[in-house]
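Hi there,

Here is the structure I promised to pass on to you. Have a look at it first, and then read my notes below.

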Amino acid sequence: MNDDDTDSDVTDRMLLQRMSAGDRVALGILYHSYHGRLCRFLTRLTRRADVIEEVINDCFWIAWQKAGSFHGDSRVSTWLMGIAYRCGLKALRQHGDEPVEDDPRHEERTPAHDLDEDRELRDWLSKGLERLSADQRVVIELVYGVGHTLDDVAVIMQCPVGTVKARLFHARVKLRNVLPGLAGDSARHTESAP
Amino acid sequence: MTFPMDSGKDCVRAWEMMPWVLQDSATREQGAWLEDHLAQCEACRAEFAQQSRLRLALSLPAEVPVDVEAGLGRLLARLDTPEPQEARPRSRAGNWLSRALVAAVLVQALGIGILGVKLWSAGDNPAYRTLSQEPREILPAATPGAIRVVPDACMTLADWNALLHALRLQVVGGPNDVGAYMVAPVSPASTAQHALQQLRTTRGILLAEPVAATP
């Protein structure tokens, strides 16, 4: 955990403390602070905007209810991501699993300021992610996208660190073999290669 | 777990280290070591380039637009709305079950009660008789003017019949183990007392006693 992470966690804890006293302004600050990363995290599970908003609100509703019982065993961000992950899985069971796939409204959804390079990068990424399982996509997002450690991811997904390592390994191998471009054909190998 | 590169331990170490160097959680020494390794290893360099691109792609904002202000507004509105209690449907289902059980118990109790009353009322006067049961003796009180008569064993049937006919009597019971008959006047008009006196004076009648006078 670097200094920035420590500072932001201190701020998050203070916000949680205020929330436990019924401070809705603190809730609004935390909501704004986490909305972007939660949105991106949840798009690895579903493409439906209404479901994403529902999950985010479920997550913060639980955080509002349990703010007083947060003991600080982990960082606030880890705690919140864990709640969001479980709410996301629950939403998937209710609404049906929608893997990452090309959407006919993709062009409409892509922000107008998106540059061609970014659009190309998104397409490149979605080609890889669509080959991964939901759990592998989540691990990739948490490690590369959010920047969590293996221990954090294990807490979020409520599984052993070894399971996280295995998911990360297999996801990386799949991405390496699927994603075109920089790695080059000559560098592609199978999982069974030494 | 095997690694997807045909390299030695250094490549394996580099493979494991890449995500943490990319997210800036590796130590400075680890970062420097990886940098040295990448300078010498083309495969790992290509891998690291792809990993960097992956991180860059994953850091792009979500492409599914979700309005943060609208979402927060709905969340705040939700906080003001009492959550529907999940226990309510359960308790409703519980009530339904309880009521059904109570109704079943009441029906059973009612049935048992009716059966009990029926058995109790039928207990004094059963509507059946087993083959081993003795036929019920005619109650003396039910036959007015009944007389218990023991004729002599030598008395002929003709004499017995003639005597009964003369005294306007009829056999209503017997003979029992000692050969006693129960006789009664044929019609209420006949006098039992007179018949009793006649019987006592008749030869061949060993005993003649009114049933009512029996101790």
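The face of helix α4 of chain B that is turned away from its buried side carries the exposed residues B:E69, B:A70, B:G73, B:A77 and B:D80. Helices (H or I, at least four residues) and strands (E, at least two) are DSSP runs, numbered from the N terminus.

Which residues of α4(B) are buried? They are B:G71, B:L72 and B:L75. Because they cover an arc of only 95° around the axis, they sit on the same side of α4(B); the arc is that of the directions from the helix axis to the C-beta atoms. Their cover includes α2 and α3 (49–66) of chain A.

The length of this helix also checks out: the 13 residues of α4 (residues 68–80) of chain B should span 18 Å at 1.5 Å a residue, and the end C-alpha atoms are 19 Å apart, which agrees. The expected span is 1.5 Å times one less than the number of residues.

Before you go further, please note that this is a predicted model, where local features need pLDDT of at least 70, side-chain atom pairs count only at pLDDT 80 or more, and totals for chains, interfaces and linings use all residues. Residues are numbered from 1 along each chain as its sequence is written, while chains are lettered from A and ligands numbered from 1 in the order in which they are written.

Chain A has a mean pLDDT (the predictor's confidence in each residue, from 0 to 100) of 83, and 80% of its residues reach 70 or more. Over residues 99–108 of chain A, however, the pLDDT is below 50. Where pLDDT is low, the predicted coordinates should not be read in detail.

Chain A has nine helices and zero strands, and 39% of its 194 residues count as buried.

Of its 57 residues, A:C59, A:L80, A:A84 and A:V139 touch the most other members. Helix α2 (residues 24–43) of chain A gives the most to this core, with nine residues.

Happy exploring!

How values were computed:
Two residues are in contact if their C-beta atoms, placed from the backbone, lie within 7 Å. A nonpolar core is a set of buried Ala, Val, Leu, Ile, Met, Phe, Trp, Tyr and Cys residues joined through C-beta atoms within 7 Å. A residue is buried if 20 or more other C-beta atoms lie within 10 Å of its own, exposed if 12 or fewer, and partly exposed in between; C-beta atoms are placed from the backbone.
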